[in-house]
Number of protein chains: 2
Amino acid sequence: MVAPRVYEAMSKPIVGYLDPYCFQVIEEIQDELRKVFGTRNEITFPISGTGSAGMETAVANFAEPGEKCAVFVNGFFSERICEMARRQGAQVVRLEKPWGEVFSDAEAREFIHREKPRIVAYVQAETSTGAFQPGNAICQAAHDADALVIADCVTSLGAAPVEVDATGIDIAYSCSQKGLSCPPGISPATVSPRAWERLGKRTRPVQSWYLDLKLLEGYYKGHKYHHTVPISMLYAVHEGLALIEEEGLEQRFARHRRNHLMLVSALEKLGLRMHVDEGHRLWMLNTPRVPEGVDDAKVRKRLLDEYGIEILGGFGPLAGKVFRIGLMGSSSTEENVKLLIDALEKALAAESAQGVAEK
Amino acid sequence: MVAPRVYEAMSKPIVGYLDPYCFQVIEEIQDELRKVFGTRNEITFPISGTGSAGMETAVANFAEPGEKCAVFVNGFFSERICEMARRQGAQVVRLEKPWGEVFSDAEAREFIHREKPRIVAYVQAETSTGAFQPGNAICQAAHDADALVIADCVTSLGAAPVEVDATGIDIAYSCSQKGLSCPPGISPATVSPRAWERLGKRTRPVQSWYLDLKLLEGYYKGHKYHHTVPISMLYAVHEGLALIEEEGLEQRFARHRRNHLMLVSALEKLGLRMHVDEGHRLWMLNTPRVPEGVDDAKVRKRLLDEYGIEILGGFGPLAGKVFRIGLMGSSSTEENVKLLIDALEKALAAESAQGVAEK
C-alpha cells in the first residue's frame, strides 16, 4: 500500500537534474535515509533503479575480479548475490544453510576466519524465508580479516532497525516499495568510510558506468552531471521518508513488531506453526508453514477471490511449504491482521471441508 | 513539460510485478514502442533505469570483452559509449569529427571496412550538438562486415522518425523524458533478431545481471520474476505513448519539424547562425551560435530570471559557443517558439546595450 500523499508527491511538476530544488530534495532524502539506515555515512544516496540495481551497485563496486567473496547463503536473494559476484569475476565461496535458518555467531566467525575473503555478503531480512540474520559477528570477523561487509536490507529498511553503524555493515542497499511504502524504482544505498577508502584504491574501473559509486558521488555531492535522475520517484521517496519522520522511527518499528506478534499469536491459535524459529523472525514478512495436506495455492486463491487479500506462496525449497504474509509499511496494521486471520481461518476450513468431501 | 494525464497516470494504485494488469500495461507499452521506434522487433521493452541505463544495456550485452567496438565520435554521448565499452573490456576504435558535424556515407563505410569491428555504435540525435547522424550507410557497411549496430536514440524517440528497421539498426535505446514527454526513469530499448541471435552465442555471461537482456526477456516474455519493475513509471510511459498514438506519429513528427523550421527562421532573422549545417539539424534540439562578444551565461540567466524560459548552454568544445534550445514533445509549440524568440531578442539587446555601456 502506498500512501495517498506519496502518490500526490509523484504528480508534482518535474525539475531538471541540476535544478537547486532537485538537490534540495536529494539532500533531504539523504538526511532521512541516514536515520532509517542508522548511519552517519556521508555516502548515502538513492540509486536510480529498483532493489536489484542496489544489489548490483554493491557487488559491482566492491566484489572485484579475482578477489574472494564470501556469501552466507540461506535464501533466494543470497543466491542472487552469488550470481552477481560471479559475473563480476569474483571468486565466490559459500556457507549454506537450509532456507529459513540463520547463521550463528560461531559459524559466521569460523567461515570468515577460514576463507579470509576480501568481501563478505549476507541478507539481513530474507524475503523468501522470513528470517532475520544478525550481522554483528559477521561484521566483526570480517573486519578482523580486513574484509568489507555487504548487507542486503531490501526488506528491512523503514520497517525494522537496520543499524548499519552499530552492526558494522560497510555497504547496505534497499528498495523503495517495502518498508518505505513507495512505488518501486529507487534503491537507497549507503557506504562506510572504510569501504569508500577501499573503493578509492581500486585499480580497475567498475564495469558498470551507470552504477559506479565514484561517479554517482560526483553528482550527489559535487553536483556534476552523471545521469538524469528519476525525479518523480525521488519525490515519492522524499514523501515516504517524511511520513516515516512524522510517525517516528521507534514508533514505526514498534508498530511492525506489535502487529507481527499479534499475527504470530493468532496464526498459532489457528494451529499453524511458524517456519522460522522465534527470535529470528522478520516483523514485516511472516512465514507460517502450510498445514499438512493443505494445498497452499488453493487457499491463496480463495483469499484473493473471496476476501481480496493477497498473500504469497513459498518458492524454491519452500514451494508449497509456507505462506508468506507481508505486513510492511502502511500495510502493517492491527486491522489488516484481523482481516487476514478471519479470512485465513475460513479459507482453511473451506479447503479442509472440500478435502474431506473429495475423499 | 509533462502532460497532466501522465502525472495522473503515475498516481494510479500500483500492482505487483506479476499481476496480469502489469503485464497488460507492459504489452501495450511494447506495441506502442515498436511504432515509435519504427520496428517489428519482438525484443522491445522498457529498461528499468534512465537513458544511460539503456546505453549500458546495449553496451554490456553486445560489446564483448576483447572484441572490437567501433564508435563514431562527434559529441558528448558517443564519448560516453566509448567509456562504457572500455569498461566492458572491449577494444574501442574511434572515428572522430568536431562536435556538431556528422559522418558522410563514404567516411562511415571506409572506417568500418578498415576496422572490421564486431560492433559499431553511433548517436542518432546528439543532444550536446544538435546534429542528426543518418545511419543507413553505417548499418549497411556494418552488416557487410558482420557487425551489429547500436544507435543512441535518446533524444529522437517520439519526436522524429527513428526508423530502426528501415535504417538497419540492431540495438536502439532511448529515454522517457524527451520525445515521450514523461518524467525520467525508463529507457525503452529494442533489439533486432540478428542481434538476438548473436546474444544467444555469447559464451561469457553479461557482466550486469540487472541489465542482462536474456534475463529481462524471461520476465517480459516469459513472465518469470527477474526484478521488481518500477510500475508507476511504466504507467507514465504507457500514458505518454497513448498521447502519441492519439496525436498520430506523422502529425507529431510534422509538428516538431514545423516548429523547428519556424525557430531557425526566426533565429536567423535575429542575426544568429545555426551551428549545425542545414539538412543535419535535429528538430527537437536547436543549437544557434552565440553571437560574437556575447556572454551566453548572462543571456541564459536573463531569459530564466526575466522571462521564466530555460535554455541550455553548450559544453565541452562548444562551451560558450552555442545555445541549446529544446523543442521536444509537448514543449514543441508555435507559442513557445514565439515566446522564446521575443524574450531572446530582448535579452540579446539588453546584453548588447550593457556591453556598450561597460566600454
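Q: Which domains does the assignment give for chain A?
A: Domain bounds come from an automatic or database domain assignment. For chain A, that assignment gives domain 1 (4–246) and domain 2 (248–358). The model is predicted: local features need pLDDT of at least 70, side-chain atom pairs count only at pLDDT 80 or more, and totals for chains, interfaces and linings use all residues. Residues are numbered from 1 along each chain as its sequence is written, while chains are lettered from A and ligands numbered from 1 in the order in which they are written.

Q: How many residues of domain 1 of chain A are in contact with domain 2 of chain A?
A: Two residues are in contact if their C-beta atoms, placed from the backbone, lie within 7 Å. Here 23 residues of domain 1 of chain A meet 22 residues of domain 2 of chain A. The centres of these two domains, taken over C-alpha atoms, are 28 Å apart.

Q: How many residues does each chain bring to the contact of chain A with chain B, and which element gives the largest share on the side of chain A?
A: Helices (H or I, at least four residues) and strands (E, at least two) are DSSP runs, numbered from the N terminus. Chain A and chain B bring 33 residues each. On the side of chain A, H3(A) gives the largest share, 4 residues.

Q: At what angle do the axes of helix H2 and helix H10 of chain B cross?
A: Axes are lines fitted to C-alpha atoms, for helices over the stretch in contact, and angles run from 0 to 180 degrees between N-to-C directions. Helix H2 (residues 20–37) and helix H10 (residues 231–247) of chain B cross at roughly 45°, their axes coming within 9 Å. Angles under 35 degrees count as roughly parallel, over 145 as roughly antiparallel, 65 to 115 as roughly perpendicular and the rest as oblique; H2(B) and H10(B) are therefore oblique to each other.
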